[in-house]
Amino acid sequence: MAVALGSRSALRLRLLLSQLKPGIRVSRAGPAAAFGTAVTSAKVAVNGVHLHYQRTGEGEHAVLLLPGMLGSGETDFGPQLKNLSKKLFTVVAWDPRGYGHSRPPDRDFPVDFFERDARDAIDLMKALQFKKVSLLGWSDGGITALIAAAKYPSYVRKMVIWGANAYVTDEDVRIYQGIRDVSKWSEKARKPLEALYGYDYFAKTCEQWVDGIQQFKRLPDGNICQHLLPLVQCPTLIVHGEKDPLVPRFHADFLHEHVKGSRLHLMPEGKHNLHLRFANEFNKLVEDFLQ
């Protein structure tokens with residue numbers, strides 16, 4: 001995202017985005033097929049909505065990819081769908097309700113929207129008949145993964161998160177305000193999301209997301225999921241890009257300190273979209289950790 005808010009803010013925002021009948025799964029050709037991999041796309045009824053997902057691989061180890069704000073499996077995880085081991089893993093990339101192709105319904109942001117996403121994510125994987133799952137969560141998807149791991153400990157095998165935060169600070173709020181008006185974004189940042197959503201839905205949903213995430217600043221300590229971190233039991237890898245202008249290092253340090261037994265891996269040149277920009281390094285790191 002690029003907004004006319006000064007060079008530092010513009011850089012931050014560009015980096016953020018450089019980047020059926022109930023119970024019946026309906027396969028269709030998905031955009032990820034362009035990567036030359038065997039990726040299937042379908043919808044399945046979960047918690048009163050039809051959730052869209054992409055799936056690839058035949059491994060016994062199920063892995064769910066959780067996208068960031070306004071994201072979807074196809075926009076956020078191309079290199080992972082293409083290159084994570086098909087032999088070791090069955091990889092599923094989902095679109096949370098109101099995002100990507102998981103519409104209707106339109107996206108909304110009640111104060112429990114992260115908890116709702118966590119419940120949807122776990123119930124999706126159960127509907128797909130996976131007995132246990134590992135989670136890879138980016139940005140908002142990282143927050144969702146933390147909540148899912150805390151609330152469904154017997155179901156989550158391992159977890160990798162990056163670009164996530166457990167609370168909201170004044171500095172975070174300044175970033176959120178900078179992305180409210182999508183008409184000020186660069187054309188390069190706007191085009192993929194306009195193509196996915198149409199301008200009106202894209203603009204409206206971005207404004208609603210800003211209001212939704214800022215709700216947490218009004219809570220004690222800006223809490224999103226701090227209180228749940230001690231409940232996480234699975235092995236957890238926290239990846240942080242040292243040059244991430246969107247999520248300061250202190251957020252990663254806080255997660256590392258409060259998620260028992262977690263491991264913190266720093267990528268010196270990594271930015272917010274480190275899994276895209278340094279996909280080979282990131283994918284190897286993930287495969288080694290999950291095994």
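Because the model is predicted, local features need pLDDT of at least 70 and side-chain atom pairs count only at pLDDT 80 or more, while totals for chains, interfaces and linings use all residues.

**Stop 1: Asp-117 and Arg-107**

The structure holds 11 salt bridges (a side-chain nitrogen of Lys or Arg within 4 Å of a carboxyl oxygen of Asp or Glu). Select Asp-117 and Arg-107, whose side chains form one at 2.8 Å, N to O. Asp-117 sits in helix α4 (residues 113-127) and Arg-107 in the loop between β4 (89-95) and α4, so this pair ties together parts 10 residues apart in sequence. Helices (H or I, at least four residues) and strands (E, at least two) are DSSP runs, numbered from the N terminus. Are these two residues buried or exposed? Both Asp-117 and Arg-107 are buried (under 20% relative accessible area; exposed is over 50%, partly exposed in between, with a 1.4 Å probe and protein chains only).

**Stop 2: the loop between β4 and α4**

Stay in this loop for Pro-104 and Pro-105. The peptide bond joining Arg-103 and Pro-104 is cis, with omega about -5°. From Pro-104 to Pro-105 the bond is cis too, with omega near 10°. For context, most peptide bonds are trans.

**Stop 3: helix α6**

Next, pick Asp-170 and Lys-217, which meet in a salt bridge of 3.2 Å, N to O. Asp-170 belongs to α6 (residues 170-178) and Lys-217 to the loop between α8 (199-214) and β7 (236-241), so the pair ties together parts 47 residues apart in sequence. At the start of α6, a side-chain oxygen of Thr-169 comes to within 3.3 Å of the backbone nitrogen of Glu-171. Buried residues in α6 include Val-173, Ile-175 and Tyr-176.

**Stop 4**

Now show Glu-242, Arg-249 and Asp-253, linked in a network of salt bridges. The Arg-249 to Asp-253 bridge spans 2.8 Å, N to O.

**Stop 5: two positive phi values**

Finish with Asn-47, in the loop between β1 (40-46) and β2 (49-56), where phi is positive at about 50°. Leu-70, in the loop between β3 (61-66) and α2 (73-76), has phi near 65° and is buried, with a relative accessible area of 1%.

Notes:
Residues numbered from 1 in each chain as written. Heavy atoms only, no water. Polar contact = N/O pair within 3.5 Å; in protein donor to acceptor, adjacent residues only side chain to side chain.
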